[in-house]
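Student: I would like a close look at a single part of this protein, with the rest of the chain brought in as context. Please take the charged side chains as the subject.

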Amino acid sequence: KGISVAEFPITFGYAVTDDFAIGGNIKYMKARVYNTEVPVFNTDFGDALDTATDSYMDSSNFGVDVGLLYRFGDDLRVGLVGRNINSPSFDMLLLLAGDADHVTEDVQLRAGVAYKPLNFVTLAVDMDLIENDTTVSGSYKSRNLGGGVEVSLLNVLQLRAGAYKNMAESDIGVVYTAGLGLNLWAVNLDLGASMASETTTVDTSDLPKE
C-alpha cells in the first residue's frame, strides 16, 4: 500500500505584528494510491514490483495548511505548522469486502525553532508533535525529530546539512540530509537529498532503507 501526491499550492501570509505572522496554503492535490497483495514465496522481486506499480487509482482533492511564526528579537524564531488540517481523502482499489476504498491524509502538526548565532548561519530543530499514520501498513508510525545548519554565502547560495530520526520506529536509524539553495532575485531553486544510515539487501545489492 502506498501513495504519491503532487501538490499545487496557493500560498498566503499576513504579518499580524512586527513579530507575529500567520500563513497557509490552499492546495490542489493529485494523488496516485497503490494497493495490492503479492504472494511473496512464488513471485520474484521484479514481477512483484510490476504487480505493485500497476495496481493503482488516481484521484484529486484539495488540502489546507496553516502556519504560525513568532520572532524573539532578530536571532530566534519559533514556528508551528498544521498540514492537511481538512484531512483530504483519495480513492483506493478495494481488495476485500469491508476494506476501506480510500486513504486519508491525516492532520500533521509540527513545531520548529531557528536560531542565528551569526548573520549568515542558521541552526534549526523541528519535531512532529503527534505520531503520524502511514500507508505502509496498519501499524507503522512516523514521528520525526530533526535538526540542521544552513550557511548562506552572499545571500545567494545556501549550503545545508542535518539529520533526522523517526522516534516512533527504529527500523531505518538516523537519516542524514544535505541540500543547497540558489537565490536569483525573484527565483529560488532548492535541491535536497536524504539517506538512511541503515541498509537492506535487494537482489544482492545493499541499499539505504530510506
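Which residues gather in a patch of negative charge on the surface?

Tutor: This is a predicted model, in which local features need pLDDT of at least 70 and side-chain atom pairs count only at pLDDT 80 or more, while totals for chains, interfaces and linings use all residues. Residues are numbered from 1 along each chain as its sequence is written, and side-chain values use heavy atoms, with hydrogens and water left out.

The patch of negative charge on the surface is formed by Asp44, Asp47, Asp50, Asp54 and Asp203. A patch here is made of residues with over 30% relative accessible area and no salt bridge, like charges being joined within 9 Å and nonpolar side chains (Val, Leu, Ile, Met, Phe, Trp, Tyr) within 5 Å. Lys and Arg count as positive and Asp and Glu as negative, with His and the chain ends not counted, and the place of a charge is taken as NZ of Lys, CZ of Arg, CG of Asp or CD of Glu. Accessible areas come from the Shrake-Rupley method with a 1.4 Å probe, and for residues only the protein chains shown count as cover.

The terms for exposure are buried for under 20% relative accessible area, exposed for over 50%, and partly exposed in between (1.4 Å probe, protein chains only). The protein chain holds one helix and 16 strands; helices (H or I, at least four residues) and strands (E, at least two) are DSSP runs, numbered from the N terminus.

For the charges of the chain as a whole, there are 14 positive and 29 negative ones, and their mean positions are 7 Å apart. Side chains of opposite charge can pair when their charged atoms come close. A salt bridge is a side-chain nitrogen of Lys or Arg within 4 Å of a carboxyl oxygen of Asp or Glu, and by this rule the count comes to ten.

One of these salt bridges joins the side chains of Arg83 and Glu7, with 3.3 Å from N to O. Arg83 belongs to strand β4 (residues 76-83) and Glu7 to strand β1 (residues 2-15), so the pair ties together parts that are 76 residues apart in sequence. Arg83 is partly exposed at 29% relative accessible area, and Glu7 is also partly exposed, at 33%.

In another salt bridge, the closest N and O atoms of Arg32 and Asp58 are 2.8 Å apart. This pair links distant parts of the chain, with Arg32 in strand β2 (residues 20-34) and Asp58 in strand β3 (residues 56-72), 26 residues apart. Arg32 has 28% relative accessibility and counts as partly exposed, as does Asp58 with 36%.

Because Arg160 lies in strand β12 (residues 157-166) and Asp190 in strand β14 (residues 187-196), the pair ties together parts that are 30 residues apart in sequence. Arg160 is partly exposed, with a relative accessible area of 30%, whereas Asp190 is exposed, at 56%. Elsewhere, salt bridges that share partners join Glu7, Lys27, Asp65 and Arg83 into one network.
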